[in-house]
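Good morning, everyone. Please have a look at the structure on the screen, and then I will walk you through it.

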Amino acid sequence: MKIIFPLLAVMLSATCILTGCQSPKSRSPSGSSAAQSTRNNCYSLLHQLLNDQKNVSLLRFIKREEDDVKNLVKKIAAASGAGAKRLEELARHDPSIKLDDIRLPPGEAATRGAIASTKKKELLGKSGDEFELSLLLTQLQALSYAWHLAKVADENESQPDRARVLAGVSKDMENLYHEVFALLLSKTK
């Protein structure tokens, strides 16, 4: 029983994050160009998402899924953790990179909170095939968002080495998106 409550807490946190839920309060950029502001905002949102996605595989301790789903979720968690570390490394070497520059309008933050609440209930209330399909759909959304955040950050990154890192993260997320899509398609036939 002592293990169930911490695992449930981790699962609830992961569920919120999987849906791109609530973000910290908005911050205004500190006197930077539009490209740097966009870049930092994308870095921050991407880092938050990847950091949260790296815990998605912990759901296996609460819910059971087939091996194909479990293995893909583990792969997503590993790629997300590696991507988050790459962003942290870039920020360590360049103080102009802010990983806490999350600015969302209040309506967007509230909408994300509502979506997170709905997704949490859906995932907790389902099992078997319904749980797997809900999880895969949630992952599809999160991966698409991560893929495009990294792409926009890449397009606004002035340093070629960092742009390559972001392009790599974008490609990793795109590839995982297509893997989830293919698995989802195979489960709906």
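**Around Val 169**

Set aside its neighbours within four places in sequence, and Val 169 is in contact with Leu 46, Leu 50, Gly 83, Arg 86 and Ala 150. Keep in mind that this is a predicted model.

Where does Val 169 sit? Its place is in helix H6. Is Val 169 buried or exposed? Val 169 counts as buried, because its relative accessibility is 1%, and the cut-off for buried is under 20%. Now take one of its contacts, Leu 50. Along the chain, Val 169 and Leu 50 are 119 residues apart.

Let's step back to the whole protein. How many helices and strands does the protein have? There are six helices and zero strands. Read from the N terminus on, the order is α-α-α-α-α-α. The protein has 189 residues, and buried ones make up 43% of them.

Now to helix pairs. Two packed helices are described by the angle between their axes and the distance between the axes.

Pair one is H2 with H5. H2 covers residues 34–53, and H5 covers residues 128–155. They pack at an angle of about 150°, and their axes are 9 Å apart. That angle makes H2 roughly antiparallel to H5, because angles over 145 degrees count that way. The crossing of H2 past H5 is left-handed. Which residues of H2 meet H5? Among them are Thr 38, Cys 42, Leu 45, Leu 49 and Gln 53. On the H5 side, the residues include Gln 139, Ala 142, Tyr 145, Leu 149 and Val 152. Sort the residues of the contact of H2 with H5 by class, and you get 13 nonpolar, three polar and one charged.

Pair two is H5 with H6. H6 runs over residues 160–188. The axes of H5 and H6 come within 8 Å, and they cross at roughly 160°. So H5 and H6 are roughly antiparallel to each other. H5 passes H6 in a left-handed crossing. Their contact has 20 nonpolar, five polar and five charged residues.

Is Ser 158 buried or exposed? Ser 158 is exposed, because its relative accessible area is 58%, and exposed means over 50%. Ser 158 and Ala 35 are 123 residues apart along the chain. Their C-alpha atoms are separated by 8.8 Å.

The structure holds one aromatic pair. The rings belong to Trp 147 and Tyr 177. Their centres are 5.4 Å apart. Their planes are at 55°, so the pair is tilted. Trp 147 lies in helix H5 and Tyr 177 in helix H6, so the pair ties together parts that are 30 residues apart in sequence. Trp 147 is buried, at a relative accessible area of 14%. Tyr 177 is buried too, at 19%.

H2 and H6 pack at an angle of about 45°, with axes 13 Å apart. H2 is therefore oblique to H6. The crossing of H2 and H6 is left-handed. From H2, the contact is made by Arg 39, Tyr 43, Leu 46 and Leu 50. From H6, the partners are Arg 162, Leu 166, Val 169 and Met 173. By class, the contact of H2 with H6 has six nonpolar, no polar and two charged residues.

One last look. Find Val 169 in H6 again. Then find Leu 46 and Leu 50, which Val 169 contacts. Both of those leucines belong to H2. Ala 150, also in contact with Val 169, is among the H5 residues that H2 meets. Thank you.

Conventions:
Residues are numbered from 1 along each chain as its sequence is written. This is a predicted model: local features need pLDDT of at least 70, side-chain atom pairs count only at pLDDT 80 or more; totals for chains, interfaces and linings use all residues. Side-chain values use heavy atoms; hydrogens and water are left out. Axes are lines fitted to C-alpha atoms, for helices over the stretch in contact, and angles run from 0 to 180 degrees between N-to-C directions. Helices (H or I, at least four residues) and strands (E, at least two) are DSSP runs, numbered from the N terminus. Angles under 35 degrees count as roughly parallel, over 145 as roughly antiparallel, 65 to 115 as roughly perpendicular and the rest as oblique. A crossing is left-handed if the near helix is turned anticlockwise from the far one by less than a right angle, and right-handed if clockwise. Contact means heavy atoms within 4.5 Å. Ala, Val, Leu, Ile, Met, Phe, Trp, Tyr, Cys and Pro count as nonpolar, Asp, Glu, Lys and Arg as charged, and the others, Gly among them, as polar. Rings of Phe, Tyr and Trp (its six-membered ring) pair if their centres lie within 6.5 Å; planes under 30 degrees apart count as stacked, over 60 as edge-to-face and the rest as tilted. Buried means under 20% relative accessible area, exposed over 50%, partly exposed in between (1.4 Å probe, protein chains only).
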